[in-house]
Amino acid sequence: MARAGRPTARRPLLDPHLRQQSHGPHLQRRESAVHVREAINVIINSDELDARSAYKLLIGAVTPRAIGWVSTLSSSGVANLAPISFFTVVSRIPPMVSLTLQPRSDGTLKDTFINIRDSGEFVTNLVTLPQAHAMHRSAIEFDGSQDEFDEVGLAKEACEVVRAPRVKDSPIAMECTLDRIIQVGDVNDQVVWGKVVRFHIRDDVYAPNGRIDTGAIPAVGRLAAEYTLADNTFVPPLATDVLRERLGRRSHRLDERPDGWSPVDSADWSASGAVKA
């Protein structure tokens, strides 16, 4: 089991609300206005963590994470849909993406992984704010005989190369064919690499010079067991007033839950990534 961790040496930490005065992009301070409190780093030996404890730290430390909303088709033709936040790019030529899938809460393989393994194909769909609730519900561990598009109320759209459908209202989808499967670790985690064979990009977010207008997409990402909305952009350096105004501020919640609340603290939370109905 995990230990609480051992603290490192204390170091002074400036209260960000009390930083004063600026020159250029870097914040300076007047010593007379500085309040100092002590900060402690907690060091945790990963060899002493079980899978659940390690997962809690990883999902809180690697943020924000892109969500690959993965659609697949079973060998019997049943459509499956699941959000995967261990999702990233592998290579440019050929364009390839990676998914990491852990087992279901009962230790069996997820339908998404079985379908990719058996069919050799999948689709990743971009999640936007209007689809967030349906995406969240698609993390429920439905029976493999249930069409998850129907269960969460989403329309399908046919793909060009792969048999699996894509989410009709997603602004961007990538049809993928299986490149390889890599079993990693001691608890049956599976890494899937897929070659992107078709990009589907809605025309209003496709810029004339071949780039995607990300500012026009209310993309949803993952923060530990919660979600985040990409609704601001910047390129450094930022104005000092902007930096000062945001220092020390916590994230603004879009739901009505109290600040500091997390699903990880609830009895229903699962390290499989699944949610309750």
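Predicted model: local features only at pLDDT ≥ 70, side-chain atom pairs only at ≥ 80, totals over all residues.

Trainee: Which residues of helix α2 are buried?

Mentor: In α2, residues 111-119, the buried ones are Asp111, Thr112, Phe113, Asn115 and Ile116. Buried means under 20% relative accessible area, exposed over 50%, partly exposed in between (1.4 Å probe, protein chains only). Helices are DSSP runs of H or I with at least four residues, strands are runs of E with at least two, and both are numbered from the N terminus.

Trainee: Where do the numbers and cut-offs come from?

Mentor: Residues are numbered from 1 along each chain as its sequence is written.

Trainee: What covers the buried residues of α2?

Mentor: The cover includes β7 (68-73), β8 (79-84), β10 (96-101), β11 (121-125), β14 (172-184) and β15 (189-201).

Trainee: And just after α2, which residue takes a positive phi?

Mentor: Gly120, at about 75°.

Trainee: Switching to the largest nonpolar core: which residues touch the most other members?

Mentor: Trp69 and Leu154, out of 23 residues. A nonpolar core is a set of buried Ala, Val, Leu, Ile, Met, Phe, Trp, Tyr and Cys residues joined through side-chain atoms within 4.5 Å.

Trainee: Which element gives this core its largest share?

Mentor: That is α3, with 3 residues. Apart from this core lies another of 14 residues, among them Leu99, Leu101, Phe122 and Cys176.

Trainee: Is Val42 buried or exposed?

Mentor: Val42 is exposed, at 51% relative accessible area, and sits in strand β6 (residues 42-43).

How values were computed. Heavy atoms only, no water. Contact = heavy atoms within 4.5 Å.
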